[in-house]
Amino acid sequence: MERKSKRMKTVLLLSLVMIAAAFQECLSDSSQPSSRRMSTRSTPPRNAGLTIVFPVTENVYPDGAYSVSLQIGNPPKNFELDFDTGSDLTWVQCDAPCQDCTQPRDSLYKPNNNFISSDDPLCKAIQASAEPLNRSPNGQCNYEIEYADHSSSRGVLVRDQFSLRPTKGSQLSPRLGFGCGYDQIYCGPYPHRSTVGVLCLGNGKAGIMSQLNALHLTRNVLGHCLSEQGGGFLFLGDDFVSPSGIVWTPMLHDLSGEQYLSGPAELLYDRKATGVKGLQVIFDSGSTYTYFDPRAYKTTLDMVRRELIGGLIGKPLIETRDPALSICWKGPEPFKTVSDVKHYFKPLHLSFTAAENALLELSPGAYLIVSELGNVCLGILNGAEVGLQDLNLIGDISMQDKLVIYNNEKQQIGWVSSNCNNPSPELLDG
């Protein structure tokens, strides 16, 4: 695709690489995208206190994504969407007709003269920092997104009814704008199950959260809790925001206005300083794995290898090739779960220096998987290989068994260890 959305390319690219397996053709060996984020502060009225909770399905491995079920249209039709805090524009595969779509036609979204015009504020928000698209002769709002790995989505904006049930009160049926994607290409390096589309929860003006907040339905707060065993829950609203035990760090601002960015952070290995400081960190549920910049990645890999060589006399783990990920080790016998190998590895920590005692722990379970071949593989990847440059990205693997909260009103990101199989506000008090 020759024309690229500069804003989308920078902001959304990482999020679709590992989760949007909506695309079947692969043209590149790259994997995820990149970006920076700047949150928009909002002050909703006092009655905007509803919270909507979605059960989450799937897992980091082998599914490669977490997803939620969302009902769109009238009558409502169910769509299983990967959810992504690293991008802004929600989209579904569209029967328009659809090129390179991976779902049966009856599973696609079918527009019904509900296209958003090119003069609509939502269209202007999407195209504000992008190269201008050719104006549609019928006044529709077109969008084109190209990601760093050369994956892409192209379509038109539509507006339709979303059926949402809050934890208190009656069902809501707001009309929200999203992308009807009729041409998708996926070029990630790893095979993934196909998805109908992506529920994007970044904080740009075109995001679902911003739209709900503008309608005074929810506060501009969201979060998720992803279980290491698979599943969990996603919430929109502030019912789960309790001061009990949550570690908070300020959000940082950048040019994109969509990513959840914080820092600077220092990398610790087994609670010891590594000399790697000043890390800028994105929290992105749209990325299956975690990405470090070249310096942090090399330091982590060197220390893990040194630990394995020096600490496993008599029970060596040997590096091996595995299609699951680039760095893997095999043992004397195939491993069954990450629990089998946790004692071979040390925890990592990110210490966020802008907040006192703001430590994000990455236990071995938060950076390792066990592949289908029974090997243990490193779920921290080199961000330079996917265009992240000096940014670091915390993906699903490192947010498992944590309640992660994005409070756009207070410009904070928070986390606390939690039981992600129990979507109840009381879990924060235990």
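**Disulfides and a cavity**

Reader: Is the disulfide of Cys-94 and Cys-180 right-handed or left-handed?

Author: In this predicted model, the torsion about the S-S bond of Cys-94 and Cys-180 is about 65°. Because the torsion has that value, the disulfide is right-handed.

Reader: How many residues apart are Cys-94 and Cys-180?

Author: The sulfur atoms of Cys-94 and Cys-180 are 1.7 Å apart, and both residues are buried. Cys-94 belongs to the loop between strand 4 and helix 2, while Cys-180 sits in strand 7, so that the pair links distant parts of the chain, 86 residues apart.

Reader: Which parts does the disulfide of Cys-123 and Cys-141 tie together?

Author: Their sulfur atoms lie 2.1 Å apart, and the torsion of about 90° makes this disulfide right-handed. Cys-123 lies in helix 2, so the pair ties that helix to the place where Cys-141 is found, the loop between helix 2 and strand 5.

Reader: What is the handedness of the disulfide that joins Cys-225 to Cys-420?

Author: Cys-225 and Cys-420 are both buried, with an S to S distance of 2.1 Å. The torsion about their S-S bond is about -70°, and the disulfide is therefore left-handed.

Reader: Does Cys-200 count as buried or exposed?

Author: A residue is called buried under 20% relative accessible area. Since the relative accessibility of Cys-200 is 1%, this residue counts as buried.

Reader: How many charged residues are in the lining of the second largest cavity?

Author: This cavity holds about 40 Å³ of space, and its lining includes Phe-54, Leu-70 and Ile-208. By class, the lining has 8 nonpolar residues, no polar residues, and, for charged residues, none.

Conventions
Residues are numbered from 1 along each chain as its sequence is written. This is a predicted model: local features need pLDDT of at least 70, side-chain atom pairs count only at pLDDT 80 or more; totals for chains, interfaces and linings use all residues. Side-chain values use heavy atoms; hydrogens and water are left out. On a 1 Å grid over the protein atoms alone, a cavity is a set of points where a 1.4 Å probe fits but cannot get out, and a pocket is an open set with protein on both sides within 12 Å along at least five of seven lines; lining residues have an atom within 4 Å of a point. Grid points are joined across faces, edges and corners, and a volume is the space filled by probe spheres set on the points. Ala, Val, Leu, Ile, Met, Phe, Trp, Tyr, Cys and Pro count as nonpolar, Asp, Glu, Lys and Arg as charged, and the others, Gly among them, as polar. A disulfide is a pair of cysteine sulfur atoms within 2.5 Å. Helices (H or I, at least four residues) and strands (E, at least two) are DSSP runs, numbered from the N terminus. Buried means under 20% relative accessible area, exposed over 50%, partly exposed in between (1.4 Å probe, protein chains only).
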